[in-house]
Amino acid sequence: METIQGVKLNEGERAAPVLPRDIQSDELVFNMGPQHPSTHGVLRLMLRTDGEVVLEAQPLIGNLHRCCEKILENLTYVQGLPYVDRMDYLGAINMEMGLVLPVEKAAGVEVPKRAQYLRVVMCELNRVISHLFAAGQFGLDMGAFTPFLYMFREREEGINVLNEITGGRLLYHYIRYGGVTRDVPKGWIERCLKWCDRVDEHMDEYNSLLTYNHIFLNRTCGVAVLDKETCLDYGVTGPILRAAGVPRDLRKDMPYSCYEDFDFDVPVGPFEKGVAGDSWNRHRQRLREAEESIKIIRQALKNLPEGETQHPKVTRAWKAPAGEAYVASEAPRGEISAYFVSDGGKFPYRMRMRGPSFYNIAVLETCSRGLLIGDLIALMGSVDITLGEVDR
Amino acid sequence: MLSFRQWAGNVWNGLKTTFTGLSITVPYIFRKPYTLQYPEEVPEIPTTERGLHNFEVDLCIACDQCAKICPVDCIAIEAEGKGKFARMTKFEIDYTKCLFCALCCEPCPTECIHMGPTFDLVGYTREEVIINYADRENPRTFSDGEKLPYEIVSFARK
Amino acid sequence: MILAEVVPLSAKLAVLMADFVGASPIWIFHAIGSLIVAVGVLALVVTPVGLGGVYLERKLAGRMQNRSGPNRVGPYGLLQTLADGVKLLAKEDIAQEGADLPLFRMAPYIVFLAAFAGFVVLPFAPGVIAADLDVGIFYFLALIGLETIGIVMAGWSSNNKWSLLGSMREVAQVVSYELPLGISAMVPVIAAGTMSVYGITEAQSGHIFNWFLLKDGYWAIVMIPSFLVFYVSSLAAAKRAPFDLPEAESELVAGFHTEYSGMRFGMFFLPEYAVMLSLSGITTALFLGGWHDPFGMSGEGGTFHNVWWWGLIWFFLKATILFLSQILLRWTLPRLRVDQVMYLCYKVLLPISMVCLVVAAAMRLI
């Protein structure tokens with residue numbers, strides 16, 4: 001039986017014919033990840049390269065698969081909620097939002113206004129934190145350690161603000177069917193606004209240290225361009241799509257949870273430098289969106305209505321009546337949505353979730369051809385995937 | 001092709017942004033560090049923190065509600081007797097499984113289980129992170145009468 | 001020259017030993033004497049440079065990033081690097097399967113050797129120089145090239161593709177930075193009329209306007225650009241950010257030393273700081289007046305003329321400032337890409353240094 005480097009081949013398989021070495025330029029096959037420092041978790045990329053030039057990059061996913069959707073179908077409604085936090089652990093509240101909205105729509109639950117505003121505040125806080133993390137991480141991938149830690153400092157403060165109201169630092173379990181877990185504690189609003197000021201204050205620092213640095217601009221401008229068509233073909237959503245010049249933001253296009261009450265812009269690329277959809281614009285898009293989110297937080301906290309934070313009928317033992325619904329919402333990384341079917345039983349009949357990272361990761365394969373390895377890192381860092389949500 | 005003007009502009013931009021960067025990072029050398037020296041300086045934990053549970057064994061009536069609602073089945077309860085005369089023999093929380101979702105605190109009729117502020121639990125084996133709160137010989141609980149070292153925030157929902 | 005008055009320490013030792021033992025060929029004692037001196041220098045120079053450099057870098061990086069840096073082991077964390085060194089010594093020395101063992105084992109020594117041999121031609125103070133070679137600068141540049149050989153060996157023999165890429169990048173980087181580095185070093189050579197580093201330093205004797213950087217005022221037009229070119233190329237030579245491509249952590253895991261562990265890794269790690277300091281030292285000697293203070297006190301007829309400790313203070317002061325600036329830059333800038341390093345070296349640094357060289361030659365003629 002034939003073998004290649006000690007590995008036995010199956011029947012019918014045959015080793016490739018060996019050409020004389022001097023007439024072929026050797027390609028290298030790299031196994032990038034899951035332990036590679038900049039694959040953001042447990043992503044594994046099989047790279048075929050010619051020296052430094054990437055010929056093919058194939059993402060191999062599934063190392064973190066936990067059957068999230070099936071678990072949700074085997075737990076009661078209230079039990080399922082802490083699980084979705086574990087999908088996109090960097091935008092956990094937005095994941096809860098994605099789960100809760102279709103169920104409420106199918107069941108026809110009207111969420112109290114105050115709860116809706118609180119949901120918006122938490123989602124936007126979480127979005128700022130997530131974008132700060134993504135932007136810092138991208139800087140780290142580009143070799144700039146210091147801005148990463150500066151952004152982490154503000155992220156830490158934001159996590160403390162969230163911790164104070166939700167009780168968790170990363171996995172919040174805050175949003176419930178029909179409302180939210182807890183009303184704002186005393187003095188929390190002031191602390192939250194103070195944090196918003198702090199982020200606004202430091203935004204200049206990040207920009208002049210990292211975003212407009214000459215080396216950083218040269219590394220990212222025009223690198224790994226994901227144009228409009230590719231993005232739309234692959235179902236790419238979120239900041240990546242907007243950086244490519246498509247003004248699609250579900251908060252604006254299909255407002256949910258009172259987003260229509262707030263005045264905010266949807267930043268769309270291209271920005272000052274580079275071309276639409278390159279790595280730099282994706283980075284800039286995130287920082288711009290963080291600024292807009294802070295605007296929303298300020299408005300929501302200013303106009304926070306009085307009232308209940310929980311629908312009185314939706315209790316712990318609540319079951320959704322038979323029905324189905326699909327609602328999409330805007331998570332930090334793109335569209336999170338769920339298709340929910342209920343047969344009126346104790347458990348959801350079907351819960352299918354569409355996560356943004358899973359679709360965004362698919363574009364790596366097309367976009368990475370012909371890049372240098374350093375550019376591939378720029379691509380992965382600026383696409384910003386969370387493997388917990390890709391593998392689910 | 002770059003014109004000489006563009007070339008010189010690039011060089012100038014490179015130098016300029018480098019010095020802009022330095023003017024941001026260097027002053028930090030003379031500022032106070034942001035970090036906490038963890039074991040000596042304990043971070044401020046909000047009262048809402050969902051840390052390790054605090055369980056008041058004398059209040060518990062072994063109704064099994066918390067074990068039922070737990071999404072991961074990490075609570076194991078055993079009791080002798082029934083109803084009023086129930087006596088806990090085992091109330092074990094398996095922290096290798098626990099999600100810290102605080103769902104167990106909600107249905108409790110006597111409000112005997114809370115989420116505490118303790119966030120660190122370490123052990124060399126898995127058995128060490130399975131805690132029996134009803135162990136009367138070496139109790140981990142705050143029995144009634146003793147004041148809790150922090151304010152309890154009830155996760156119970158009426 | 002003052003150097004002639006200083007009898008080499010190894011020769012002194014050899015004579016002492018020969019007296020003590022008696023009949024034996026004297027060259028054996030010379031060899032042993034040189035060995036003892038070498039070991040002594042390594043212990044006295046390597047340890048403080050390596051350990052102090054690592055500590056300084058980590059502390060400064062920490063403070064720049066709003067952290068506190070090492071502060072656990074010893075007062076202000078001063079013994080942290082020592083503790084790390086002990087840890088490295090205690091670790092298992094792993095060689096991975098399929099590695100080319102002789103090359104794999106030898107590579108760290110070559111890097112180590114090349115890094116520390118550079119100190120030989122550094123004129124620390126009047127009379128304090130290990131060997132005043134006629135072609136001191138040439139020797140120094142050659143040693144920097146030698147270090148590359150060690151890195152290529154390490155990357156090649158590791159049987160790891162990331163390491164291979166790392167060493168490929170190192171080679172690509174070497175061929176690009178060596179040209180501007182060498183050419184910009186020629187400008188002070190032209191000004192001084194000698195290639196001996198000691199001679200170049202002596203030619204800058206006097207106050208600050210005798211230093212080559214600001215020599216007689218008008219020399220500054222060539223000296224300042226070539227100083228900048230030399231400085232940037234020396235960053236690339238020390239493999240420091242923004243030129244840390246061979247070990248680019250986020251791209252190549254750890255580049256050429258991915259597969260090294262224990263003290264062999266330490267032998268890549270410590271020389272980095274030695275190279276940084278020796279490059280700062282040579283920059284000081286070439287452009288910043290070496291051991292001369294800015295007030296002219298070490299010049300002809302000054303208070304401290306030919307006082308070795310005065311020179312030592314000023315030399316190390318200047319070298320340390322350059323050393324610190326390298327650290328500050330590393331923790332501020334992102335990393336360049338491979339082709340951008342070449343763009344920078346070939347299209348920016350090389351033309352500038354060549355123009356400087358031609359102008360300097362013309363100025364010398366006039």
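What follows is a short chat about helix packing and salt bridges in this structure.

Me: Before we start, what kind of model is this, and how are the residues numbered?
Reply: This is a predicted model, in which local features need pLDDT of at least 70 and side-chain atom pairs count only at pLDDT 80 or more, while totals for chains, interfaces and linings use all residues. Residues are numbered from 1 along each chain as its sequence is written, chains are lettered from A and ligands numbered from 1 in the order in which they are written, and side-chain values use heavy atoms, with hydrogens and water left out.

Me: OK, how many salt bridges does the structure hold over all chains?
Reply: Over all chains there are 49 salt bridges, a salt bridge being a side-chain nitrogen of Lys or Arg within 4 Å of a carboxyl oxygen of Asp or Glu.

Me: What does Glu69(A) pair with?
Reply: Glu69(A) meets Arg352(A) in a salt bridge, at 2.9 Å from N to O. The pair links distant parts of the chain, with Glu69(A) in helix H1 (residues 68-72) of chain A and Arg352(A) in strand S10 (residues 350-354) of chain A, 283 residues apart; helices (H or I, at least four residues) and strands (E, at least two) are DSSP runs, numbered from the N terminus.

Me: And are those two buried or exposed?
Reply: Glu69(A) is buried, with a relative accessible area of 17%, whereas Arg352(A) is partly exposed, at 31%. Here buried means under 20% relative accessible area, exposed means over 50%, and partly exposed lies in between (1.4 Å probe, protein chains only).

Me: Which residue does Arg127(A) bridge to?
Reply: Arg127(A) forms a salt bridge with Glu124(A), and their closest N and O atoms are 3.1 Å apart. Both residues lie in helix H4 (residues 113-141) of chain A, 3 residues apart, which is about one turn of the helix. Arg127(A) is buried, at a relative accessible area of 0%, and Glu124(A) is also buried, at 0%.

Me: What network are they in?
Reply: Glu124(A) and Arg127(A) belong to a network of salt bridges that also links Arg242(A), Asp249(A), Arg251(A), Glu289(A) and Glu330(A).

Me: Switching to helix packing, how do H5(C) and H11(C) cross?
Reply: The axes of helix H5 (residues 101-117) and helix H11 (residues 262-287), both of chain C, come within 8 Å and cross at roughly 20°. The axes are lines fitted to C-alpha atoms, for helices over the stretch in contact, and angles run from 0 to 180 degrees between N-to-C directions. That angle makes H5(C) roughly parallel to H11(C), as angles under 35 degrees count as roughly parallel, over 145 as roughly antiparallel, 65 to 115 as roughly perpendicular and the rest as oblique.

Me: Which residues meet there?
Reply: Among those in H5(C) are Tyr109(C), Phe112(C) and Phe116(C), and the residues they and their neighbours meet in H11(C) include Met267(C), Phe268(C) and Val275(C), where contact means heavy atoms within 4.5 Å.
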